[in-house]
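Work through the exercises below with the sequence and the structure in view. Try each task before you read its solution.

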Amino acid sequence: MHWNFTDILTPPEKPYGPSDGPIIAEIGFGNGEYLEHLAKTRPDCTIIGIEISQWCVTKAARRALSAGSGNIRLILGDARNFFRYAFEPNSVSEVYMNFPCPWPKRRHAERRVASPRFAALIGGRLALGGTFTLATDVEWYAEQTREAFLSNGSFSADPVERNPARDYVTKYERKWREMGRETFVTKAIKTAEIPGEETGREGDGTPETAADQVNPNIDGLDLRRELSRITGTIIRKDEYVVIFKEIFTSGSDAALISVISADEGFEQHYYIKVVHSGSQWIGKLDSIGCPYRTPGVRASLRYLSKAAGIKF
Ligand SMILES: C[S@@+](CC[C@H](N)C(=O)[O-])C[C@H]1O[C@@H](n2cnc3c(N)ncnc32)[C@H](O)[C@@H]1O
């Protein structure tokens, strides 16, 4: 079987939203068998899997493509960062997380996915009435997750269920059950909007100081010289930091600007392409680094638009 990641690995250019039909997401899908089950039983839905392990993504991509599951899309990355940028607010119907590592040691607690912050993140993307379901083999983890969602104030949750009947049992759960162990399931339902999830406080990308201003009438000027004044510029806001690292020019009518952004610690390295077209300079976020359009990334585009007159 010949296949390519581009057949299924989702480019993060545009978040999924209502135009994709009902959306179901699975976080940490492992070998992808639950994704396949969802795709078969819910053919009307778009099924999005987010997984941090590249090898798991490879296995799941192969499984989904050979099963002909055309409604599955995969995202490679940490759900704690990517969930926000993968979906439009209030657009996801159901989120599943099956048997995540509970990171039991106290010193690893911050690696746990289930936390109040995570509940707010999921809640911001879930539609009203949408659900988050966690299955785990660790009772305290199920309880802690339920409490994290309840403490958010925008969810209701029934008591944790012990060994409930499940619509599909993954390889991990099958092995666990064969050992005579128990499973615990908690389901949270979004009952109210998440206050303040979308802050919208990302600044306007205005140059920080007058010294950062470059000539906005860039047409006919030396592109490299003009853009080189941007090199080293830092945009710093509460939620993100953006650094314009380097400019690479090709002749006098094209340039590639290398940028680093960090949104609440989520770091991305990407390029912005600038070309001369007609009488103006046109900029485009280059797809090569697969950047998510985080507030920091959007601020870098706005900055170039305002400071250098580049049209996006
Ligand atoms: C124990 S496995 C369970 C796999 C599968 N859900 C199952 O039930 O068989 C946990 C999975 O979560 C993934 N994972 C861990 N942390 C993650 C994160 N922050 N974002 C996305 N995936 C994550 C791991 O790579 C692993 O594949």
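**Exercise 1: Helix 4 and its surroundings**

Task: find what the buried residues of helix 4 pack against, and name those residues.

Solution. The buried residues of helix 4 pack against helix 3, strand 4 (92-98), strand 5 (126-136), helix 5 (139-152), strand 6 (155-157) and strand 8 (184-190), where a contact is a pair of residues with C-beta atoms, placed from the backbone, within 7 Å. The model is a predicted one, in which local features need pLDDT of at least 70 and side-chain atom pairs count only at pLDDT 80 or more, while totals for chains, interfaces and linings use all residues. Residues are numbered from 1 along each chain as its sequence is written. Helices (H or I, at least four residues) and strands (E, at least two) are DSSP runs, numbered from the N terminus. In helix 4, which covers residues 116-125, the buried residues are Phe118, Ala119, Ile122, Gly123, Gly124 and Arg125. A residue is called buried if 20 or more other C-beta atoms lie within 10 Å of its own, exposed if 12 or fewer do, and partly exposed in between.

**Exercise 2: Two helix pairs**

Task: describe how helix 1 lies against helix 2, and then how helix 4 lies against helix 5.

Solution. Two packed helices are described by the angle between their axes and the distance between the axes. The axes are lines fitted to C-alpha atoms over the stretch in contact, and angles run from 0 to 180 degrees between N-to-C directions.

- Step 1. The axes of helix 1 (residues 33-41) and helix 2 (residues 54-66) come within 9 Å, crossing at roughly 30°. Helix 1 is therefore roughly parallel to helix 2, a term for angles under 35 degrees.
- Step 2. On the helix 1 side the contact is made by Leu35, Glu36 and Ala39, and on the helix 2 side by Ala60, Arg63 and Ala64. By class, this contact has four nonpolar, no polar and two charged residues; Ala, Val, Leu, Ile, Met, Phe, Trp, Tyr, Cys and Pro count as nonpolar, Asp, Glu, Lys and Arg as charged, and the others, Gly among them, as polar.
- Step 3. For helix 4 and helix 5, the axes come within 8 Å and cross at roughly 65°. Helix 4 contributes Pro116, Phe118, Ala119, Ala120 and Gly123 to the contact, while helix 5 contributes Ala148, Phe149, Ser151 and Asn152.

**Exercise 3: Positive phi**

Task: locate Asn90 and Phe99, and decide for Phe99 whether the residue is buried or exposed.

Solution. Most residues other than glycine have a negative phi.

- Step 1. Asn90, in the loop between helix 3 and strand 4, has a positive phi near 55°. Asn90 counts as partly exposed because 19 C-beta neighbours lie inside 10 Å.
- Step 2. Phe99, in the loop between strand 4 and helix 4, has a positive phi of about 55° although it is not a glycine. Phe99 is buried, since 20 other C-beta atoms lie within 10 Å.

**Exercise 4: Around the ligand**

Task: state which residues come nearest to the ligand, and how many buried residues helix 6 has.

Solution. Of the 20 residues around the ligand, Gly28, Gly30, Ala79, Thr170 and Tyr172 come nearest; a residue is near when its C-beta atom, placed from the backbone, lies within 6 Å. Strand 2 (46-51), helix 3 (79-86) and helix 6 (171-178) each supply at least two residues of this shell. Among the eight residues of helix 6, the count of buried residues is zero.

How values were computed. Contact = placed C-beta atoms within 7 Å. Parallel < 35°, antiparallel > 145°, perpendicular 65-115°, else oblique.
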